[in-house]
Amino acid sequence: MSAVAPELIPVIDVTLVASSPLIMGGLINALGTERQVRIRHRATSMSWLPATASTTVVVADLYGVATDDKQFYSRAPEGAPIVALCVPQNPPDLLSALQGGVRALISRESDTPELMLAIRIARRGGLYVTPELHDPLVDTTRNSDRGPHELTPREAEALRYLAEGFTHGQIGRRMGLAETTVNTYVKRIRHKLNAGNKAELTRRAMELGYLQP
């Protein structure tokens, strides 16, 4: 079977929205070399987007805005699917995001392949949520009453592998996650258990019943 000619690969027009120059630069670097993507517009705010942005996939960084503020989504070009970048420790309200046109939710730390996957799915009208955001989003949607030290099932699974001595890369392969996603899981676990190093983390995990002595 012959390879598809480069000119036959459909090009996806993308609009970038980020108030942080660092994040904007990172998005440009990540997508600038992708043959399947053409960056049509850049803006620091949804309010500054031209009407023609409605024919693009909008990749918007949610950091620094009220992610549950429906006005933020209402400023998006009508009909444009949104790929939203957020901080895993503070995910947006899922229902408001979906109603506002968000078709993909990924972490700020997602790598280029995952960003491209989210863009392709959003363009097709699908829905994508990065694995590291799935647990906190489900918790929020279900109004979970987890305590401040209670881990999600995926966090508890990562913790067990970590205690057994697996590296973040090995944990990622076992759980089907990118290493950057595992890094975020571990940061979240350390924060919840208030543990600085592996010894403290293991001790706290045993005290709370996540690990057997």
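Biologist: What percentage of the contacts in the chain with a separation of 6 or more comes from residues 24 or more positions apart?

Modeller: This is a predicted model, in which local features need pLDDT of at least 70 and side-chain atom pairs count only at pLDDT 80 or more, whereas totals for chains, interfaces and linings use all residues. Residues are numbered from 1 along each chain as its sequence is written, and side-chain values use heavy atoms, with hydrogens and water left out. A contact means heavy atoms within 4.5 Å. Among contacts with a separation of 6 or more, the share from residues 24 or more positions apart is 60%.

Biologist: How many helices and strands does the chain have?

Modeller: Helices (H or I, at least four residues) and strands (E, at least two) are DSSP runs, numbered from the N terminus. On that basis, the secondary structure comprises nine helices and six strands.

Biologist: What percentage of the residues in the chain is buried?

Modeller: Buried means under 20% relative accessible area, exposed over 50% and partly exposed in between, with a 1.4 Å probe and protein chains only. Of the 213 residues in the chain, the buried share is 43%.

Biologist: Which residues have the most contacts inside the largest nonpolar core?

Modeller: A nonpolar core is a set of buried Ala, Val, Leu, Ile, Met, Phe, Trp, Tyr and Cys residues joined through side-chain atoms within 4.5 Å. The largest one has 23 residues, and those with the most contacts inside it are Val14, Leu31, Val59, Val83, Leu115 and Ile119.

Biologist: Which element supplies the largest share of this core?

Modeller: E1, H1, strand E3 (57–61), strand E4 (82–86), E5 and H4 each supply at least two of the core residues. The largest share, six residues, comes from H4.

Biologist: With which residues is Ile119 in contact, leaving aside neighbours within four places in sequence?

Modeller: Ile119 is one of the residues with the most contacts inside the largest nonpolar core. Beyond four places in sequence, Ile119 contacts Ile12, Val14, Leu31, Val57, Val59 and Val83.

Biologist: Which residue forms a salt bridge with Arg38 at 2.7 Å?

Modeller: A salt bridge is a side-chain nitrogen of Lys or Arg within 4 Å of a carboxyl oxygen of Asp or Glu, and the structure holds nine. Arg38 lies in strand E2 (residues 37–43), and its partner, 25 residues away, lies in strand E1 (residues 12–17). Asp13, Arg38 and Arg40 are linked in a network of salt bridges. The partner of Arg38 at 2.7 Å, N to O, is Asp13.

Biologist: How many residues apart are Glu109 and Lys187, which form a salt bridge?

Modeller: The closest N and O atoms of this pair are 3.7 Å apart. Glu109 is partly exposed at 37%, and Lys187 is partly exposed at 45%. Glu109 sits in the loop between E5 and H4 and Lys187 in helix H8 (residues 179–193), a separation in residues of 78.

Biologist: Glu155 forms a salt bridge with Lys192; what is the relative accessible area of Glu155?

Modeller: The closest N and O atoms of Glu155 and Lys192 are 2.9 Å apart, and the pair joins helix H6 (residues 153–163) to helix H8, 37 residues apart. Lys192 counts as buried at 17%. Glu155 is also buried, and its relative accessible area is 1%.

Biologist: Which element supplies the largest share of the lining of the second largest pocket?

Modeller: On a 1 Å grid over the protein atoms alone, a pocket is an open set of points where a 1.4 Å probe fits, with protein on both sides within 12 Å along at least five of seven lines; lining residues have an atom within 4 Å of a point. This pocket has a volume of about 150 Å³, a volume being the space filled by probe spheres set on points joined across faces, edges and corners. Helix H1 (21–31), strand E5 (102–107) and helix H4 (112–123) each supply at least two lining residues. The largest share, five residues, comes from H1.

Biologist: How far apart in space are the C-alpha atoms of Leu85 and Ser107?

Modeller: Leu85 is found in strand E4 and is buried at 6%. Not counting residues up to four places away in sequence, Leu85 touches residues including Leu27, Ser107 and Arg108. Leu85 and Ser107 are 22 residues apart in sequence, and their C-alpha distance is 5.4 Å.
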